[in-house]
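Have the sequence and the 3D view ready as you read.

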Amino acid sequence: MDPITAMIGIIIGGVIVGICVHFIPASAVGAMSASTGIATGPSMLSTGCGLAGLYAAGFSITLGLPITVVSGALGSALMIICTMLLANVICAFGTGVAPVAGTYDKDPITGWRQKPFMSPGTDGHSMPTATAVSGIIGALLGGAGGSLVFASVYGMLTSPAVVAISPKVAAISPATAITIAGMIAAGVFLLNCVLPAYVLVGKTEGMTDPKMKKLPKTLISCTVASVFIGIFIYIAVVVI
Amino acid sequence: MTMQAEPPAVEKKEIPNIKLYIVAMITGIIGYYILLANPNLAFISIILVWPAIVAGAGGVEHLCRYGLGTGTSSIGYWGTAVGATVVFATIFVSSQVFNLYSPFIVIIVGTVIGYIVGFCAEKIINMKIPQQAQQSFIITGSAAIFILIVLEVLSAGGVNTTALYYTFPVIYIGTALVILHPYNGNLGAGENQTRTLMLALCEAALITTVFGIIGVLLPNASFIPALGVLIISLIGFVIFVRMWWKKVKEDTYDVVWTGYPAGVEH
Amino acid sequence: MEPVTLTLMIGVGLAGAIAFIAGIIEDAESDAGSASNPNSQVQLAPQIGHIIRYYDKAIAGEPPQNGLWAAAACTIALLVSWRFVDLGIGQYYAIFFAAVVGAAIICLVQGCFGVFAHLSRMGSFAPFKQPLYWDSLLTPLPYSMGLAFLTALLLTLLAFVTGGLLGNPFAPPLLALIFGISLGSIASGTGDIQYGAERLYQHHIFGAGIPVSKMGDIDLKGEYGFRNSVDTPYFCIRLGGTVTAFAFGLIIFLDGWTRLFTFAGVWTSVILEAIVVAVLFIFLVWLEKFTRDSYGPYPGQEDL
């Protein structure tokens, strides 16, 4: 893979990971069944979900870029749907509450009304249908972005153009290159999942939340951070 | 500018984090060159790199004290992610493994990226936390220099680089946890900087003990550097825990073996 | 894609089983010392005047701390297993012994972190007149360390199984880090709801979430005497632990299971995973309808 294309791949992958945090519903207060969303902070949930996608993408890294990205996206989606389904089970049988959301009055997809079922004093609990769809979309994006970074770094480390220039890179065997690429992808995940958490202030309900209007701020910050990291990796591999 | 941070005075005076950072950078660079000169002096370098963790923990404390809102953990991961990615990219894919310019490259790049992203957070996202850009680059720079020295200690025994790649994940997550844990462990109304920074020293010694164990086990010819690190870290750990425990006893309301909580009928 | 062999099938089943048990143990460990999101309630309690006797073990969030235990135990295990293999012990036995050694060292580290956090936080609660009770720290401490040992051991074994038997090309420490962070976020999102909304608030009536006005008003007295952190895991394993186990185990098992088929070439696992996601989504909508019909609206809120 051409090093310049790989660098652009790293940047785009990082920005997509930043966007996915807005879509996955998460809130720390959900652990007390006091607000809609999975009961963890947005940054760590997106990281966990993206890393599950990275694990799934690792199986097919040697088979080419498109299948790695799609495989990673579906691995993340599988993790999120299992987590959401079982979190709803706990809320239904452990706490005794029905899934309702606080940001809309009638569910856009099923049309069910939310307010009669909301515990007095809280902001919703667990995940109704529209929020779950938003979570799946977010997980698909997160897994795809992370796998794109992973495949790009791997492509950069094994590309014939770079191997011809730098003897140090030529000495890295493909198996070690996969691990290095995986570590850099994990690092990019953690970097790009925390910046949107600044924007969201700890709690989001996914695509139906009014905080989606702050998406441009995330786009700019994540683009800046990813551009610097991407350029630096490119320089480290190709130039030095 | 003095080379030493002022000792904590009797009245509640706080040490500005930027002084801690400059001390940490200078001692880190000195430690790196000592290690290049003679790998068996690794135990001196490790003592010189503990201030980096203290500086990073101070940065986390400053940012989170003003109400970061997303949880104290996130800023630690983000800072370590920048520092670690910079170090890994420099060391393992650039043409020379540990050349003479590594610490400067790593510190400068880490500081620049940390500053720019912190600046974005201040101006674009507008979080209204004072000195956010400065504290951000303190965290990223400290993580970068710490990881660089640890990687060099582990490889100074002449281990072939393939085996060293396996230690990446634990170095990364271990550094992240010890930078953010001191403030998280002291969360509460009575938190003060002295106790937080002493806890940071205890935890820095703890994590370098774990890295020392890993270094002793790495398959290489000479494990003397890692053994030195392990012994010095254990000694440092015991000393720092005594200092920290004395401060905790001063600060706690009451220390008893057991009792009925006040205000609840039994 | 490798052809389906006995090794692959054993690998998928074993990985699913280990992931399942790891889920139960990890959720129990996060309840044995109050950790993660419900820890905010234990933090709030002294501020409103409730003197607590819980073990306030606050080591960052759940995902990164499990990532550290898993990655460190796996790294030490990998290096020790190389030494064992040099000594002539067979590779599979070496991995078992080495995993136990790695996990044992890590449980001591977890104990240190937990003790530091509890003591420092009790120091920070001095304005609220919260004393440091030694027995509320030392009684749950061995319990929590033992559960951390088991978590690290199981995640290390899972990393070796998926790396060796299933053929994932990542190095085992990186796999252990991935599983640690994923398991931490899953357990935090499922099992902790029962701890935070139910076990800490047993004196509030079942059937509603905890509004902001009641946060911090946690249980001080338990089934016998004053509640402390040893009383939580046995309650939460019954529902929270098992559901967490299902979540993590299903993910690992289904992901491996979809790779056993090869009817569409390399895109088989992608198609099968998409079908599984769709089926589980239909379950989710059905469960929502079932819950709404069973519980009905809150009294007084039918017309809102």
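In the largest cavity, α2 (42–58) and α3 (65–95) of chain A and α7 (172–189) and α9 (233–257) of chain C each give at least two residues to the lining. Helices here are DSSP runs (H or I, at least four residues), numbered from the N terminus. This is a predicted model, where local features need pLDDT of at least 70, side-chain atom pairs count only at pLDDT 80 or more, and totals for chains, interfaces and linings use all residues. Residues are numbered from 1 along each chain as its sequence is written, and chains are lettered from A in the order in which they are written.

On a 1 Å grid over the protein atoms alone, a cavity is a set of points where a 1.4 Å probe fits but cannot get out, while a pocket is an open set with protein on both sides within 12 Å along at least five of seven lines; lining residues have an atom within 4 Å of a point.

The largest cavity has a volume of about 80 Å³, the space filled by probe spheres set on the points, which are joined across faces, edges and corners. Its lining has 13 residues, and A:Ala52, A:Tyr55, C:Ser182, C:Ile251 and C:Ile252 lie nearest the centre. α9(C) gives the largest share, 4 residues.

Now for the second largest pocket, with about 730 Å³ of space. Among its 29 lining residues, C:Gln91, C:Ile95, C:Phe160, C:Val161 and C:Gly164 are the closest to its centre. The largest share of this lining, 6 residues, comes from α6(C).

Technical notes
Heavy atoms only, no water.
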